[in-house]
Structures are given as structure tokens and as C-alpha cells.
There are 2 protein chains.
Amino acid sequence: MPAVSRRYFFALLAISLGAVACDSARAQQDPLPSWNDGPVKKSITDFVAKVTTQGGADFVPPAERIATFDNDGTLWCEHPVYFQVAFALDQVKAMAPKHPGWKTQQPFKGVLEKDMKAVAAGGEKGLLQIIAVSHSGMTTDAFSKSVLDWLEIARHPRFNRPYNSLVYQPMLELLAYLRANGFKTFIVSGGGIEFMRPWVEKAYGIPPEQVVGSSGVVKFQMGADGKPVLMKEAKVEFIDDGPGKPVGINRFIGRRPIFAFGNSDGDLQMLQWTTAGTGARFAGIVHHTDEVREYAYDRQSRIGKLDKALDAAKAGGWTVVDMKKDWKEVFPPAPATIGRSP
Amino acid sequence: MPAVSRRYFFALLAISLGAVACDSARAQQDPLPSWNDGPVKKSITDFVAKVTTQGGADFVPPAERIATFDNDGTLWCEHPVYFQVAFALDQVKAMAPKHPGWKTQQPFKGVLEKDMKAVAAGGEKGLLQIIAVSHSGMTTDAFSKSVLDWLEIARHPRFNRPYNSLVYQPMLELLAYLRANGFKTFIVSGGGIEFMRPWVEKAYGIPPEQVVGSSGVVKFQMGADGKPVLMKEAKVEFIDDGPGKPVGINRFIGRRPIFAFGNSDGDLQMLQWTTAGTGARFAGIVHHTDEVREYAYDRQSRIGKLDKALDAAKAGGWTVVDMKKDWKEVFPPAPATIGRSP
């Protein structure tokens with residue numbers, strides 16, 4: 001190789017290596033690859049840059065970087081019914097052989113005959129009966145096992161995937177991005193705290209002690225073997241929804257979040273509580289607009305109704321995610337093998 | 001210097017440097033300098049070594065290294081009265097000018113006249129009245145401020161030091177030692193959660209979201225300025241004491257501790273719950289045996305009664321700290337200057 005062409009060759013090599021390096025750096029730099037570029041994604045990255053810039057006017061010390069997320073409809077799918085309701089219905093079916101009376105007794109009869117009209121006719125009282133039998137009269141350990149057993153075999157009716165694989169890929173990236181920037185991520189959900197804790201650590205990287213949710217009364221009892229157990233009773237203790245969310249945040253976290261994400265009117269007060277604090281604050285809403293890849297619903301929906309919170313978002317300049325437009329992917333690829341820890 | 005003596009000199013130098021290095025290493029190696037050597041200290045360091053040894057039979061992954069500590073009498077002093085009661089009494093005095101009727105109305109009259117016999121005559125009902133007026137009817141933010149204001153000016157009657165400087169030096173070392181070994185440290189106290197959170201992070205390095213305690217009902221309200229507040233109501237919500245401790249641990253942490261420390265019968269169930277788990281477990285009790293440096297009390301004490309838990313400790317082989325014998329120091333040196341964050 002003559003000297004000139006050699007220099008030319010190495011110059012080309014250097015340029016191409018440089019280009020590769022740049023591409024690679026760019027790929028590494030995008031912490032939210034499943035989010036399409038645009039004002040929504042930018043509002044998130046701008047906020048994180050702002051509160052993590054040392055010496056900046058909006059800097060927030062890591063200990064105060066509390067981020068709270070609703071679960072149903074915000075981190076995972078909530079249609080056609082809340083997944084916890086699907087669990088309760090399946091539990092009734094599984095428990096039926098030991099309860100022959102249920103064959104003639106509503107709302108259980110309706111569940112066993114898949115007559116959802118009869119179940120719905122039982123209203124809230126009927127649903128509470130279903131929740132009660134499936135969520136109480138057992139130890140906390142036994143309940144946790146029943147949730148994990150169910151996740152292993154139950155499949156979503158439309159997507160035919162395990163329920164805990166129907167988490168939103170863009171939100172997984174957001175959780176990881178926030179944690180990489182010193183945030184502590186919490187779930188603040190109307191769902192049952194004992195229903196979520198067995199699986200959320202593997203699904204979202206959120207440990208059980210960072211889960212706030214609704215709860216039933218639990219009692220300490222000394223077992224016959226001299227070993228204590230915690231028994232779940234059929235009595236509601238706390239509903240972590242609507243105005244209950246700031247109350248739950250206060251009780252469990254004891255600090256006001258600087259970042260919160262929800263998707264329905266049940267999240268309105270959490271978002272209000274978050275944004276009412278001093279300093280930089282972020283409020284986000286997932287707007288379900290994609291009936292092809294997931295579901296489209298808002299003001300008229302029975303599940304995940306988004307009406308007042310959508311108005312508040314517009315008035316307050318909150319970030320509203322248009323699922324169809326802002327999300328490149330909705331769910332992670334379907335798991336190749338289904339195991340206890342998908 | 002002749003060659004031989006030079007070699008001798010350098011050999012001596014090496015030996016003495018080595019000795020210095022060893023001393024320094026030894027000093028660095030003792031993570032619990034305020035604990036006297038002996039079986040109690042050894043039981044702690046042996047346990048930590050055991051659960052943190054990769055590949056060992058008792059290894060526990062960091063995420064499961066949950067350590068829970070009672071507060072009153074375990075992390076800070078609880079005599080002559082629970083410090084939260086001292087706070088409530090002082091609050092009544094501070095609020096009295098706005099409540100002229102208290103001059104003639106028990107138990108407030110007794111508080112204002114320092115007639116503790118009259119206050120005691122009011123029994124639990126009287127105490128609850130005192131707690132109610134000092135702990136409710138205000139926002140969570142206002143209450144937090146009242147606690148910090150009080151800590152700044154109030155002094156312990158015997159030690160004449162700020163209450164939050166009367167924390168136990170050996171326990172501060174233990175908390176730091178556990179955290180350095182991947183443990184997550186929690187407070188699980190019968191004391192009020194809102195009373196502890198404003199100051200425990202600075203005192204113990206335990207953030208508010210790792211505090212479990214008793215609580216009153218809190219309500220979300222929209223303020224006249226359109227900003228939401230959380231109002232503290234005069235209604236007990238949860239008592240985190242006795243059998244309530246495992247319940248509180250289950251609710252807030254959602255994992256069973258592998259390490260727990262208490263000092264009274266109110267901690268018995270927490271210690272039972274902890275040790276009933278599978279794998280290596282540690283249960284510890286601070287036995288107050290030092291009336292010279294602090295207080296001596298156990299089976300007959302009205303405050304911090306240690307009776308059944310002492311029997312359980314003996315039966316179960318738990319670690320019982322003899323304060324007089326096992327602790328080199330009780331409190332940290334008195335703070336040179338008293339500020340908002342001692």
C-alpha cells in the first residue's frame with residue numbers, strides 16, 4: 001500500500017470508527033428507546049436533567065427524588081377487567097369443589113357458569129363477596145403463593161399471555177431511567193398490596209417495601225406449632241385510591257413525590273398532591289388511545305375512567321402520553337418460556 | 001550507618017510500621033467500637049458474617065437483608081416518660097394561651113400546674129385527650145414543624161440535653177454496620193410515625209420511608225388556595241405495638257426481617273415473627289441495667305416493661321444486651337451546639 005493511500009485508508013478507518021463510536025454513543029444515550037421523540041418524551045428527559053443538575057436552580061438531592069406510579073393502566077394493562085378481578089374470579093372457580101353450595105348461590109353461581117351478567121347484577125356487594133372469599137381466610141404466605149400460582153397458568157383473554165407480561169415496555173424504561181438518575185420508584189395503586197408484592201419486584205424492579213396499595217385487615221396469630229402466622233381477614237382496611245393516594249403516600253413514604261404518573265381519575269389527587277409541592281414537579285398521564293395495539297378509552301370508560309384528571313392535566317400543563325403516537329412499543333416481546341418469574 | 005545496622009534499622013522500621021498498620025487495620029476493622037468484646041458483640045458480628053458470606057450455607061441476598069428496630073428504649077432513651085409524651089405535655093403548655101378553659105379542665109389543668117398526679121388520675125382517657133389536642137387539627141406539615149421546633153428547645157430533665165441527642169451510640173454503630181453490610185434498616189415503633197419522621201433521618205440515617213409506626217387518621221382536603229393539604233384527625237388509625245408490629249411490618253415492608261432488635265414486651269411478637277422465618281435469624285433485646293449512665297428497669301417497669309420477652313429470649317437463645325456490661329458508651333458526646341439538626 002503506497003503511503004498516500006495508506007494515510008487515506010487510515011483516515012477513512014478513523015472516520016468510520018468514529019461514526020460507529022458516535023452511533024453507539026447515541027444508542028447508549030437514549031434511555032427511553034420505546035418512546036417516540038416529541039414533546040412528551042422531551043418533557044420527561046428535560047425534567048430529569050433539571051432536577052439532577054448539580055448547582056442548578058431546580059436541583060433535588062437524591063433522597064428527595066421520590067417517583068410514584070399508579071399500577072393498573074399505568075404500568076400494566078387493566079382491560080377487559082382489572083387483572084386482580086380476573087384473579088378473584090379464577091380463584092372462585094378453583095375453590096368451588098370445596099364449596100358445593102356455590103352452584104346455586106350468586107354471585108358464585110354466575111362465576112362458575114361464566115354468566116358475567118349475573119355476576120354484574122350482584123353489583124359492588126357481589127364483587128366484595130368474590131374478593132372476600134379469594135383474598136381472606138388464609139395466611140399472607142398462602143395468599144402470596146396463590147397469586148404466583150395463578151400468574152403461572154392464567155392467560156389474558158385477548159393477548160393470550162401471562163398477565164404479568166402485559167406490562168408497558170416504555171414504562172419499564174422510564175422506571176429504570178429514573179432509578180439510574182437517583183430516583184426511588186414506588187407503586188401507589190388502588191390494587192391490593194398483597195396482590196402486587198409477590199411479582200412486582202421481578203416485573204418492575206420495585207421491591208415490596210416500595211409498594212403502596214389497598215389492604216385488608218391482617219391479624220397476628222400464634223399457630224399450633226408455636227410459629228406465628230399473619231391471617232388475612234375479610235375486612236377492608238384501607239382503600240388507596242383517589243384522595244386515598246396522597247394519604248397512602250403520606251403514610252408509607254412520608255415524603256411528597258416530585259414525579260408521579262397515573263392514567264385515570266383515581267390518580268387525580270396524587271397528581272395534585274405531587275404538583276402542589278414547591279420546586280420542580282412532574283405529573284404524567286397515560287392516555288389509552290391505541291385500540292389496535294392495546295385499548296382506547298377515557299371519559300366514558302367504566303374501568304380506568306379518565307375525565308377530570310384529563311381536564312386537570314390540560315389546565316395544569318401536565319404531560320399526557322398519547323399511547324398511539326408516543327409509544328414505539330406497548331408490551332415487551334412475549335416471553336419465550338413462561339415460568340414463575342417471567 | 002554500617003550495612004548491618006542499616007539492615008537492622010530497616011527491619012525494625014518494617015516491623016514497627018507493620019505493627020502500626022496492624023493497629024490501624026484493627027481499629028478500622030472494629031465496626032462496633034462502643035461495644036465491649038464478649039458474647040453479645042460476637043453474636044452480632046458472627047451473624048452478619050454468616051449471612052453476607054457468598055456461597056455460605058446462610059447467605060442472604062442483599063434485598064432480603066431487612067433489619068427492624070424498635071425506637072423507644074432501643075434506639076433512644078424512654079425514661080422518665082416516652083419522649084413523645086413529653087412533647088405532648090409541652091405542646092399543651094404552648095397551646096394554653098389560646099385555650100383559657102384548660103385552666104380549670106383536667107387533664108389540662110394538671111399539665112399546666114405540673115400536677116402529674118392529677119394528669120395520671122385521668123388515666124388513658126386523659127392521656128388520649130392530651131395526645132389528641134397536640135397531634136391533630138393541623139396539617140401534616142404544621143405537625144412536622146411543631147416536632148422540630150420542640151426538639152430545638154426542649155431538654156431532657158435529667159441529662160439536660162436535646163431529646164434527639166439521647167440516642168444510643170452503640171446502636172448508631174450497629175445501624176451503620178448493618179447498612180455497610182447491605183442491610184436495609186427500618187424503625188418499627190409504637191411511637192407516632194409522624195412524630196419520628198421529621199428527625200430520624202438525621203439521627204439514625206433512616207429515611208422517612210423506612211419508618212413504621214402508630215398513626216392517626218389523615219384526610220386529604222383541598223385548601224381555599226386550590227392547594228391540597230393533609231389534615232391530621234383526632235382518631236387512631238393503627239397501633240404499631242405488640243402483635244401490631246408484625247402486622248405493621250407486613251403492611252409497610254412486605255418482607256419478614258432477618259434481624260430485629262427491641263427492648264420490651266411490646267417487641268415480643270416482632271422478635272417471634274422474625275425468628276420464625278426460615279434460614280439464619282437474629283433477635284436482640286436491650287436490657288436496661290445501668291442506672292448510673294442511664295436507667296435500670298425490666299419486669300416491673302411501667303414504661304418499657306421487659307418480662308415475657310426476657311423469658312422468650314432465654315428460651316430462644318436470643319441476644320440480650322446488658323447495657324452496663326456490654327456498652328462502653330451509652331450516648332454520643334453532648335452536641336457542642338444545638339441546632340435544628342443535631
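The model is predicted, and local features need pLDDT of at least 70, while side-chain atom pairs count only at pLDDT 80 or more. Residues are numbered from 1 along each chain as its sequence is written, and chains are lettered from A in the order in which they are written.

A cavity is a set of points on a 1 Å grid over the protein atoms alone where a 1.4 Å probe fits but cannot get out, and lining residues have an atom within 4 Å of a point. A volume is the space filled by probe spheres set on the points, which are joined across faces, edges and corners. The structure holds 5 cavities of 30 Å³ or more.

The lining of the largest cavity includes Lys232(A), Val247(B), Asn250(B) and Arg251(B).

Between the chains, 37 residues of chain B are in contact (heavy atoms within 4.5 Å) with 37 residues of chain A. The count of salt bridges (a side-chain nitrogen of Lys or Arg within 4 Å of a carboxyl oxygen of Asp or Glu) between chain B and chain A is 10. One of these salt bridges joins Arg255(B) to Glu201(A), with the closest N and O atoms 3.3 Å apart.

Note on methods: Side-chain values use heavy atoms; hydrogens and water are left out. On a 1 Å grid over the protein atoms alone, a cavity is a set of points where a 1.4 Å probe fits but cannot get out, and a pocket is an open set with protein on both sides within 12 Å along at least five of seven lines; lining residues have an atom within 4 Å of a point.
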